[in-house]
Amino acid sequence: MTDRTFTLNTGAKIPALGLGTWQSAPGEVAAAVEYAVTHGYRLVDGAYCYGNEEEVGQGLKAAFAKGIKREDVFVVSKVWATYTTRVEEGLDKSLKSLGLDYVDLFLVHWPLLMNPNGNDDRFPKLPNGERDIIWDYKHPETWRQMEAVLATGKTKAIGVSNYSKKYLEELLPVAKVVPAVNQIENHPALPQQEIVDLCREKGIHVMAYSPFGSTGGPLFTAEPIVEIAAKYNVKPATILLSYHLARGATVLAKSVTADRIDANKTVVDLDAEDLKKLNDYSDQLTKEGKLQRFVYPPFGVPFGFPDKP
Ligand SMILES: NC(=O)c1ccc[n+]([C@@H]2O[C@H](COP(=O)([O-])OP(=O)(O)OC[C@H]3O[C@@H](n4cnc5c(N)ncnc54)[C@H](OP(=O)(O)O)[C@@H]3O)[C@@H](O)[C@H]2O)c1
């Protein structure tokens with residue numbers, strides 16, 4: 001899948017597959033990035049919040065030293081919630097850690113503001129242990145700043161992450177630049193079809209995160225995934241990745257394990273019968289109220305996702 005791309009509303013190409021780096025431990029992530037990029041991956045997804053961008057940068061640097069060109073790798077970073085009123089400062093920090101002078105895509109990681117003057121740079125807390133959130137923050141204000149950093153050239157495109165349909169509908173009427181991307185949790189157990197449909201209609205490319213259900217890959221054992229994998233004689237991971245290709249989305253697969261990084265380059269072309277089976281599975285989970293959202297930090301903010309009222 002490493003040679004497949006989609007086109008963003010900026011006109012730039014975005015690879016169909018990216019390497020995720022969330023929870024990739026120190027001492028592992030630089031090697032994983034170097035391995036992936038020197039073995040065909042052309043997109044690396046990172047974030048200030050992951051606390052490992054310096055190592056991601058080391059991995060990129062090592063790959064560049066082996067002849068991979070900077071312009072051939074699509075690098076993604078995200079402004080963290082303590083920086084949503086200081087977007088350029090956040091981007092500058094990420095660039096410095098990554099050792100780059102631009103990223104290809106910069107995203108609003110989550111649409112909220114945590115206290116920029118709180119007791120921690122990433123996860124400030126109140127004395128009672130609750131997260132220190134600024135409740136009267138209005139997320140479109142961050143988008144103004146995103147538009148301003150786009151003009152600096154320090155990022156080639158701007159987008160959002162974890163935006164529900166409700167939040168997109170609040171943002172789009174006031175946005176001068178339509179987000180190039182919405183990066184959301186996406187897999188057959190959380191299809192978020194209403195967001196995907198709105199993104200399609202507005203020309204916003206979907207980047208799917210946690211395709212395996214995040215750490216440990218809990219979706220590998222889901223019944224329809226196992227069945228379709230048996231049909232093609234491939235691993236469940238291949239089906240979970242192929243699902244996004246069929247939906248026209250970029251997919252981010254995290255691994256720090258060389259043979260898995262290699263394996264995740266394999267996809268099959270799912271046919272109408274497979275897609276129906278996966279859609280029926282999604283519909284059934286929706287009907288039973290059993291959708292599975294694996295990544296939902298306990299902010300306590302109502303972000304407008306139907307499964308998280
Ligand atoms: N925007 C956001 O808020 C947000 C939130 C979550 C994630 N993301 C992005 O999306 C990326 C992917 O999501 P994720 O990290 O949550 O989870 P994921 O990619 O769904 O799953 C990662 C897990 O699957 C394992 N794995 C990977 N390939 C495998 C294979 N072929 N066979 C068996 N196991 C395999 C990994 O193990 P090993 O690493 O040990 O090999 C790891 O435990 C993140 O890393 C991050 O870049 C963004």
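Asn-162 sits in the loop that links β7 (158-161) to α5. This is a predicted model, and in it the phi of Asn-162 is near 60 degrees, a positive value in a residue other than glycine. Most residues other than glycine have a negative phi. Is Asn-162 buried or exposed? Asn-162 is buried, because 23 other C-beta atoms lie within 10 Å and the cut-off for buried is 20 or more.

Gln-192 gives a second case, this time in the loop between β8 and α6. Its phi is near 45 degrees, again a positive value in a residue other than glycine. Gln-192 is buried too, with 24 other C-beta atoms within 10 Å.

## The largest nonpolar core

The largest nonpolar core has 85 residues, and Leu-19, Val-33 and Val-44 touch the most other members. Helix α1 (residues 29-38) provides the largest share of this core, with 7 residues.

Leaving aside neighbours within four places in sequence, Leu-19 is in contact with Ala-32, Val-33, Ala-36, Tyr-41, Leu-43, Val-44, Asp-45, Ala-253 and Ile-261.

## Around the ligand

Which residues come nearest to the ligand? Of the 29 residues around it, those are Gly-20, Trp-22, Tyr-209, Phe-212 and Lys-254. The shell around the ligand divides into 10 nonpolar, 16 polar and 3 charged residues.

Both β10 (250-254) and α9 (258-263) supply at least two residues of this shell. The largest share, 3 residues, comes from β10.

## The annotated domain

The unreviewed UniProt entry places the feature "domain: NADP-dependent oxidoreductase" at residues 17-280. Over residues 17-280, the chain is 39% helix and 14% strand. The end C-alpha atoms of that stretch are 25 Å apart.

Methods: Residues numbered from 1 in each chain as written. Predicted model: local features only at pLDDT ≥ 70, side-chain atom pairs only at ≥ 80, totals over all residues. Near = placed C-beta within 6 Å. Helix = DSSP H or I, 4+ residues; strand = E, 2+ residues; numbered from the N terminus. Nonpolar A, V, L, I, M, F, W, Y, C, P; charged D, E, K, R; others polar. UniProt positions renumbered as here; feature names shortened; annotations may be inferred. Core = buried A, V, L, I, M, F, W, Y, C linked by C-beta atoms within 7 Å. Buried ≥ 20, exposed ≤ 12 C-beta atoms within 10 Å, placed from the backbone. Contact = placed C-beta atoms within 7 Å.
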